[in-house]
Amino acid sequence: QLLGNQDHIEVELEKLKKTYDSQQQKLEERVIAMGKELQEAKGAIGDTQHKLVEQSAVLLTSQSQLQEVEAENSLLQLRLKELNEEYRSRLTLYIKDVADYMDSKSSNIMGPSKAPADCAPMKRFVDSMLKDIRASYKSREEQLAKAARGYKKRMKNLVKKHENLLIAYGLQREQMRSLGSSAMDCGPAELHFSITDPELLTNTTRELNRLREDKAKLEIQLHELQKNLLSSPRQLDEQGWAEVRKQLWEFAHTTQEDLEQERSQLLTRAIMAEEQVLELQEYIDKHLAR
């Protein structure tokens with residue numbers, strides 16, 4: 001019976017072989033197509049990163065030019081303030097001289113019988129006018145000082161929010177690196193989005209930026225080490241890399257928590273110091289100025 005069914009078995013085997021070959025060919029075509037899609041995706045990511053680097057360079061140049069223009073503007077504003085003060089003092093002296101001259105002429109015309117209280121009407125008018133001008137200038141200066149303090153406070157709040165967002169971005173980036181494969185693109189390092197304006201940097205922010213710079217260098221070294229190990233015959237398994245990434249993430253997370261605690265303490269001390277400075281400034285303006 002087996003010998004009689006041999007032809008039928010051979011036909012079935014031939015069909016199975018053809019089916020296997022066709023499926024294998026479809027699978028190879030699918031793998032080739034996916035490889036092309038992966039290369040295209042990598043090329044698109046590379047183009048995007050290249051454009052991002054170019055835009056970052058343009059942004060850094062613009063920021064540098066902006067800082068130079070702001071510094072020059074500050075010098076010009078200081079010079080303008082000095083010229084305004086000089087002009088105001090000269091104008092005050094000229095007005096007083098004119099008032100004295102007009103009062104002296106009026107006194108000579110009316111004669112010596114004029115009462116002393118009525119000998120200087122022009123001077124009284126000028127004194128009243130100058131008093132009003134000084135009051136308006138003082139009110140305007142107080143408004144500008146209040147607006148400047150509000151602007152600085154808003155800038156500090158924005159810097160604080162930016163730091164919190166940067167910390168959250170760094171934590172999510174490390175979680176992606178710990179959960180994903182070594183070839184996963186987790187985005188630019190936190191240092192790429194750090195604040196570089198010297199006027200907005202505090203000692204804590206400078207320390208965080210220094211640590212982010214060190215971390216970025218370590219990530220580059222780790223990436224190079226992974227490439228070298230993968231190109232060598234002794235390759236680490238995925239579990240080994242997961243353990244390494246887990247240890248790095250725990251180290252970065254612990255260090256970041258310590259820095260955040262220190263940063264919150266320093267911010268609290270800075271806020272208390274600013275309030276004391278404002279109280280002292282108000283005391284000086286109200287009491288010691290007179």
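1. Which helix gives the largest share of the lining of the largest pocket? It is α2, with 16 residues. Please keep in mind that this is a predicted model, in which local features need pLDDT of at least 70, side-chain atom pairs count only at pLDDT 80 or more, and totals for chains, interfaces and linings use all residues. Residues are numbered from 1 along each chain as its sequence is written, and side-chain values use heavy atoms, with hydrogens and water left out.

2. Helices (H or I, at least four residues) and strands (E, at least two) are DSSP runs, numbered from the N terminus.

3. The largest pocket has a volume of about 2200 Å³. Lined by 49 residues, this pocket has Ala148, Arg149, Tyr151, Lys152 and Lys153 closest to its centre. Two or more lining residues come from each of α1 (6-110), α2 (121-179), α3 (203-231) and α4 (238-288). A pocket here is an open set of points on a 1 Å grid over the protein atoms alone, where a 1.4 Å probe fits, with protein on both sides within 12 Å along at least five of seven lines; lining residues have an atom within 4 Å of a point. Grid points are joined across faces, edges and corners, and the volume is the space filled by probe spheres set on the points.

4. Now to α2 itself. Its 59 residues reach 87 Å from first C-alpha to last, close to the 87 Å expected at 1.5 Å a residue; the expected span is 1.5 Å times one less than the number of residues.

5. The cut-offs are under 20% relative accessible area for buried and over 50% for exposed, with partly exposed in between (1.4 Å probe, protein chains only). Between lysine 152 and leucine 200 there are 9.4 Å, C-alpha to C-alpha, and a sequence separation of 48 residues.

6. Glutamate 163, also in α2, is worth a look: at 0% relative accessibility, this residue counts as buried. Beyond neighbours within four places in sequence, glutamate 163 is in contact (heavy atoms within 4.5 Å) with Thr205, Leu208, Arg212 and Arg263. Other buried residues of α2 include Val159, Leu166 and Ile167.
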